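Here is my note, kept to points that can be checked against the coordinates. Please keep the model open while reading.

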Amino acid sequence: GRAAGSVGGGVGAGNDPDFGRNSLQSYDNPTFSLAMKETPDGSKPEIILERSLDREKQSSFDLLLTAIDGGDPVRSGSVKIRVNVTDANDNRPIFEQDRYRVTLREDAPPGSAVLNLSASDADAGTNARITYGFGEMTIKALQKFVLNAESGSITLQEALDFEETCAYSLAVEAKDGGGLVAHSKVEVEVLDVNDNPPEITVLSLSSPVPEDALVGTVVAVLKVRDRDSGDNGQVSCELSGEAPLSIADSFSPLIFFV
Ligand SMILES: [Ca+2]
Ligand SMILES: [Ca+2]
Ligand SMILES: [Ca+2]
Ligand SMILES: [Ca+2]
């Protein structure tokens, strides 16, 4: 015989003349509806998806399908149906931070930990499985740093030199198993260490000096340089020994006067 479908506790029975002989119910869910499909073997209830699914909000639905006869007293039979939602890769990974900043002393030994990247993915299984990698970067930066694809940890691979490069910008990526990618940046600031002694260069030297040289005669012109920065590169000079000479500090070349 024919039957009417209803959802939500009896809504929508319609004007089916045979309503009452058989009826079907599912409840609790606007996501699914019941419809009766006419087939040569009679009409059959079908569960129809009414709304788009989101596994990240609800990963399964428990439905109760009840059939009621039209007898007196009414008899019914019911079956529980669980609908599981499989995951689609509809979320890309998200980095904890859009931009990371770290500072490293230039004397940090190779192998030093720089940073642990962390990204999350709302999907499930391989769709949420994240691997890390570097994006497009200078060869120099790729030589200095290494990134563990599984753990997201960045370590120093090669010694730094503040005097050569005082900052690096690392482009990092997190990719899920379905190929969606997130991007972030790591700004590495290298801190100066006093690893260079001052260098003294003799630019000119008048020796021997005649004994009748006038007081104030320039005897030597020197250049003093320190490759470090700030206080580490500030140089002051002193002269020791017994000669009647002094240092005049005229910008960078230093001049010795008699
Ligand atoms: Ca994903
Ligand atoms: Ca998903
Ligand atoms: Ca120095
Ligand atoms: Ca230095």
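1. Start with the calcium ion (ligand 3). Its donors are Asn194 (OD1), Asn196 (O), Asp226 (OD), Asp226 (OD), Asp228 (OD) and Asn232 (O), at 2.2 to 2.6 Å. The model is predicted.

2. Now the geometry. The six donor atoms around the calcium ion (ligand 3) subtend angles of 50 to 165°, so the arrangement is irregular. An octahedral call would need opposite donors over 155 degrees apart and all others between 65 and 115. For reference, ideal octahedral angles are 90 or 180 degrees.

3. Along the chain, the donors of the calcium ion (ligand 3) are spaced N-x1-N-x29-D-x1-D-x3-N.

4. Next, the aromatic rings. The count comes to four aromatic pairs. One of them joins Phe32 and Phe61: the ring centres are 5.2 Å apart and the planes meet at 80°, so the pair is edge-to-face. This pair links distant parts of the chain, with Phe32 in strand 3 (residues 32-39) and Phe61 in strand 5 (residues 60-69), 29 residues apart. Phe32 is buried at 7% relative accessibility. Phe61 is buried at 4%.

5. Phe145 and Tyr168 form an edge-to-face aromatic pair, 5.3 Å centre to centre and with 75° between the planes. Phe145 sits in strand 12 (residues 145-147) and Tyr168 in strand 14 (residues 167-175). They are 23 residues apart, and the pair links distant parts of the chain. Both Phe145 and Tyr168 are buried.

6. Which residues make up an aromatic cluster? Phe95, Tyr100 and Tyr132 form one.

7. Four strands form an open sheet in the order 8-15-14-11, with mixed pairing. Strand 8 (99-105) and strand 11 (131-134) are its edge strands, each pairing on one side only. From one strand to the next, the twist averages 30°.

8. Strand 11 and strand 14 run antiparallel and are joined by four bridges. Check Gly133 here: its bridge partner in strand 14 is Glu173.

Definitions and conventions: Residues are numbered from 1 along each chain as its sequence is written. Chains are lettered from A and ligands numbered from 1 in the order in which they are written. This is a predicted model: local features need pLDDT of at least 70, side-chain atom pairs count only at pLDDT 80 or more; totals for chains, interfaces and linings use all residues. Side-chain values use heavy atoms; hydrogens and water are left out. Donors are N, O and S atoms within 2.8 Å of the metal (3.2 Å for Na, K and Ca); water is not among the atoms, so sites may look incomplete. Four donors count as tetrahedral if all angles lie between 85 and 135 degrees; four count as square planar and six as octahedral if opposite donors are over 155 degrees apart and all others between 65 and 115; anything else is irregular. Rings of Phe, Tyr and Trp (its six-membered ring) pair if their centres lie within 6.5 Å; planes under 30 degrees apart count as stacked, over 60 as edge-to-face and the rest as tilted. Helices (H or I, at least four residues) and strands (E, at least two) are DSSP runs, numbered from the N terminus. Buried means under 20% relative accessible area, exposed over 50%, partly exposed in between (1.4 Å probe, protein chains only). Two strands pair if DSSP finds at least two bridges between them. Axes are lines fitted to C-alpha atoms, for helices over the stretch in contact, and angles run from 0 to 180 degrees between N-to-C directions.
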